[in-house]
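Dear colleague,

I am passing on the structure we spoke about, and I would be glad if you could look through it alongside my notes.

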Amino acid sequence: MVESIATTSLLAHRPLCRGAFIKDVSSKRRSPDIWRFPVIEFHGRRLVASPALARVRADRLAMSPIKALAMELTKEAYSYREERIPQDWNFDIDTDSDRKPGLWPPENKADNSSLHNPLLRQERMGCGWLGAIFEWEGVLIEDNPDLERQAWLALSQEEGKSPPPAFILRRIEGMKNEQAISEVLCWSRDPAQLRRMGSRKEEIYQALQGGIYRLRAGSKEFVNILMHYKIPMALVSTRPRKTLETAIGKIGIEGYFNVIVAAEDVHRGKPDPEMFVYAAQLLQFIPERCIVFGNSNQTVEAAHDARMKCVAVASKHPVYELAAADLVVRHLDELSVVDLKNLADIESDEFGTGEPELELEEEVDYPSSSTLTAVDDSFW
């Protein structure tokens with residue numbers, strides 16, 4: 001019975017060697033040369049391992065010099081991973097509250113952290129989230145600049161003022177009537193007189209125009225495309241609101257525009273960007289995601305001052321004079337929604353401060369006057 005118990009005890013224990021198992025390059029275990037079995041002694045009914053077993057276990061746990069060197073090399077080779085992988089995985093939510101300038105990725109101005117729906121936030125940050133701001137005359141309807149010039153000449157004759165020259169008339173294009181009279185023509189500074197003359201000039205223009213409005217080719221088709229893609233649209237003009245609403249009803253595009261900004265809503269006209277900024281606020285869009293459609297360089301200047309993109313329609317100016325615009329077309333139906341998305345995708349100020357870079361001049365070491373004198377003396 002004692003022999004059977006001893007045999008069972010020997011088979012039940014795993015043979016131990018002097019060290020741990022060692023793996024070579026081929027990842028195969030190498031058997032140790034010397035095996036050592038624990039010595040079992042009987043004390044009554046209990047089996048007790050001899051002290052030699054404790055020494056074997058301590059020897060097994062001891063680390064060989066080769067294994068220690070291998071671990072040091074492995075730790076050195078993968079030390080860069082330890083720098084990247086954090087010790088704790090309790091990440092904080094990035095709310096952009098402590099964002100520092102110059103860090104990547106840059107802040108997206110179209111993002112709105114107050115929106116709890118992540119799909120809405122993703123849609124806002126995409127290039128499809130944009131708004132369109134249209135001018136009225138020369139973009140959607142046909143414009144006749146001669147009627148504007150005749151209206152100013154008739155008003156100057158009624159008020160007993162000298163007729164404005166052609167370059168002054170070009171300068172006041174797109175301005176409010178009161179702004180042009182007070183700041184450019186300098187006919188009066190009295191607010192009551194400014195309102196009276198501005199209203200009279202508008203009456204003369206409407207009488208010459210005759211209430212006839214004609215859409216430009218391709219403008220209604222383009223507006224219908226934007227309506228189909230649910231792109232918000234705004235209409236801005238320095239004409240009175242009543243005149244705009246009457247004209248929109250006559251040509252049959254009522255209900256197309258989400259916002260209408262008329263002369264009564266702003267204090268100044270172009271080239272001041274007040275009209276476009278106010279329209280963007282009513283549309284609830286940031287200026288960087290608004291595209292302005294105009295037909296003059298004053299519109300391009302005002303749109304860029306408001307940090308908006310501008311599409312110029314060459315209706316009364318040639319294409320080469322409108323090169324400052326982001327895109328120049330002859331008719332609106334030449335554009336597509338893809339073109340608008342490409343314009344909205346250009347975020348020039350997202351990755352910088354928006355300030356012009358200063359070019360540093362290279363310092364050139366010119367020879368001093370004493371050196372020149374010495375050279376001249378040696379030459380002569």
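Below is what was found in it, from the whole chain down to a single residue.

Please keep in mind throughout that this is a predicted model. The protein chain holds 15 helices and twelve strands, and of its 380 residues 32% are buried.

Turning to the strands, six of them form an open sheet with parallel pairing, in the order E9-E8-E7-E10-E11-E12. Its edges are strand E9 (259–261) and strand E12 (327–329), each of which pairs on one side only. On average, and with direction ignored, neighbouring strands of this sheet are turned by 20° against each other. Within the sheet, strand E10 (residues 290–294) and strand E11 (residues 309–313) run parallel and are joined by four bridges, and Gly294 stands opposite Ala312 in E11.

The residue I would point out is Ser156, which belongs to helix H6 (residues 145–159). With a relative accessible area of 2%, which is under the 20% cut-off, Ser156 counts as buried. Leaving aside residues up to four places away in sequence, Ser156 touches Lys161, Ser162, Pro163 and Pro164, and also Trp187.

Definitions and conventions:
Residues numbered from 1 in each chain as written. Predicted model: local features only at pLDDT ≥ 70, side-chain atom pairs only at ≥ 80, totals over all residues. Heavy atoms only, no water. Helix = DSSP H or I, 4+ residues; strand = E, 2+ residues; numbered from the N terminus. Buried < 20%, exposed > 50% of the residue type's maximum accessible area, 1.4 Å probe, protein only. Contact = heavy atoms within 4.5 Å. Pairing = 2+ DSSP bridges. Axes fitted to C-alpha atoms, helices over the stretch in contact; angles between N-to-C directions.
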